[in-house]
Amino acid sequence: ALIMKLATTLLCEKGAGCGQCLSCRQVAKLAHPDFLLLFPFPNLRPESRKHTLFHFSNPVSSSAKFSDETRDAVEEFKKQKLEDPYFLPNYEKREIIPAEVVKDLIGSLAKKPLLGDRRVVGILDIEKMAYGGTDLFLKTVEEPPQNTHLLLTTSRPDQLYPTLLSRTQRIKIPLVPEEEVVTILSDKIGLDPSITLYLSRLGGGSPGLAICL
């Protein structure tokens, strides 16, 4: 949710995240060509390689191709995330950000933004980036392209390279107060208040985790 708000503000045609201009509306639908969002996903049926998953991957030349099942999982994540900013997927198979997709992302950054004069890259749970991809992306963090904003999220900074952390400006997101988590759970799920209070405490200030419980 925070990355979406920051991307809306940075790409807004009026410069204030108006929510009404074409850029703001495109970001809200994950359809802005200069908003490159990357997140971990499970590689289902890896023997079947058919589709690129992100709009910055060239469907002809990219080696980052995946199965119908993987494509459907990625599209379902985007759909759920747009409907519910607190949505957290619960995959049976471990999710990662493959190095091949990172290569596509880096390659796309060599081009100029398509609509405006700046670009926003959002990477969720960067600690799940494959080792080879992390090594490649570190060079981009060290020398980012002009007019490109890199927004990286993680709940496990202890799992990141110290060299990566040292080249970023860290913003610690405060936990959501318990009473707000209770309200979110009550509105979304409609459970008894005593149960939502219990779940909110188990979630430790994370509405998404509390919902998954």
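I call a residue buried under 20% relative accessible area, exposed over 50% and partly exposed in between, using a 1.4 Å probe and protein chains only. Helices (H or I, at least four residues) and strands (E, at least two) are DSSP runs, numbered from the N terminus.

My model is predicted: local features need pLDDT of at least 70, side-chain atom pairs count only at pLDDT 80 or more, and totals for chains, interfaces and linings use all residues. Residues are numbered from 1 along each chain as its sequence is written, and side-chain values use heavy atoms, without hydrogens and water.

**Strand E4**

I looked up E4, residues 119-123, and found five of its five residues buried. Side chains in a regular strand alternate between the two faces of the sheet. On one side of E4 I noted Arg119, Val121 and Ile123, and on the other Val120 and Gly122.

Next I checked pairing, which takes at least two DSSP bridges between two strands. E1 (residues 35-38) runs parallel to E4 over four bridges. Five bridges join E4 to E5 (residues 148-152), also in parallel. Gly122 has Leu37 as a bridge partner and Leu151 in E5 as another.

**Aromatic rings**

I counted six aromatic pairs (Phe, Tyr or Trp rings, the six-membered one for Trp, with centres within 6.5 Å; planes under 30 degrees apart are stacked, over 60 edge-to-face, the rest tilted). Phe39 and Phe77 are tilted, at 4.4 Å and 35°. They sit 38 residues apart, Phe39 in the loop between E1 and E2 and Phe77 in helix H3. Phe39 is buried because its relative accessibility is 1%. Phe77 is buried too, at 7%.
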